[in-house]
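Please look over the sequence and the 3D structure shown below.

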Amino acid sequence: MALNLHSLYKVVSNADEFYLLKMTPCAPDALSEEEGGASSDTESNDSQKMMLRISGAAAYGRQGNYLGELDEQELELLRLITNRQISGMVAVRTADGSVIDCQIKQSHCETECTLREDIPVFTVRLHLRCIPVDGSAVGGINTGSRTFTERARRDLTETLTARLEALVNRSRQSLGSSVLGLQDKLRQRAPDWYEKHADDWEELYRRASVRVEVDCTVIGGGIIQ
């Protein structure tokens, strides 16, 4: 949601679940140093210029109660699900330990919702087009070959599916439905049902079925060997 008091007032008044982005101060070069085990965001020279970065999000329930936090990787998944990200990088670790970095060129997500025996059933379909931009040879396969591209597509699909399914489980168990936008989808598609069951929404959502489908297309080229 937008970070302003008007948006916050609306969701609280409507008894909606919501999440807010977490802002953290850091040094401008901290992002590039993190992987090398550099000092944390709070450890900086007083004279050094600081900047703000989005480092995660906090989820809240319909009564404004705190539910839990999402890390940066989970937040990037949410951006894909809500169609707010059409670029970025995805790091894929293969079964043999190799790493393939893929750049997202296009993404689109669609969510379907139905009712089955009065229980919500959701299907989240994520479509991605990516380019492998860096990676080591997988099992002796040349990184410029079509076989490598197909392997990257399969590993990317499996990786994102597993990450999304893990986020879905966290959403049902503790974070609430708003992180995936499912509450709004169901209220739009079945307003009468939602109004009737609003008081029991949290319990019904824990029992809901959420299916994840990921369709990846990996475009060849752009590989650094």
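F18 has 6% relative accessibility and therefore counts as buried, a word that means under 20% relative accessible area, with exposed meaning over 50% and partly exposed in between (1.4 Å probe, protein chains only). The model is predicted, so that local features need pLDDT of at least 70 and side-chain atom pairs count only at pLDDT 80 or more, while totals for chains, interfaces and linings use all residues. Residues are numbered from 1 along each chain as its sequence is written, and side-chain values use heavy atoms, with hydrogens and water left out.

**Aromatic rings**

- Rings of Phe, Tyr and Trp (its six-membered ring) pair if their centres lie within 6.5 Å, with planes under 30 degrees apart counting as stacked, over 60 as edge-to-face and the rest as tilted; by this rule there are four aromatic pairs.
- The rings of F18 and Y60 are stacked, because their centres are 5.2 Å apart and their planes stand at 15 degrees.
- F18 belongs to strand 1 (residues 18-26) and Y60 to strand 2 (residues 51-60), so this pair ties together parts that are 42 residues apart in sequence; strands are DSSP runs (E, at least two residues), numbered from the N terminus.
- Y60, at 21% relative accessibility, counts as partly exposed.
- One aromatic cluster is formed by F18, Y60 and Y66.

**Helix packing**

- Helix 3 (residues 72-81) and helix 4 (residues 146-175), where helices are DSSP runs of H or I with at least four residues, pack at an angle of about 100 degrees with their axes 11 Å apart.

Notes
Axes are lines fitted to C-alpha atoms, for helices over the stretch in contact, and angles run from 0 to 180 degrees between N-to-C directions.
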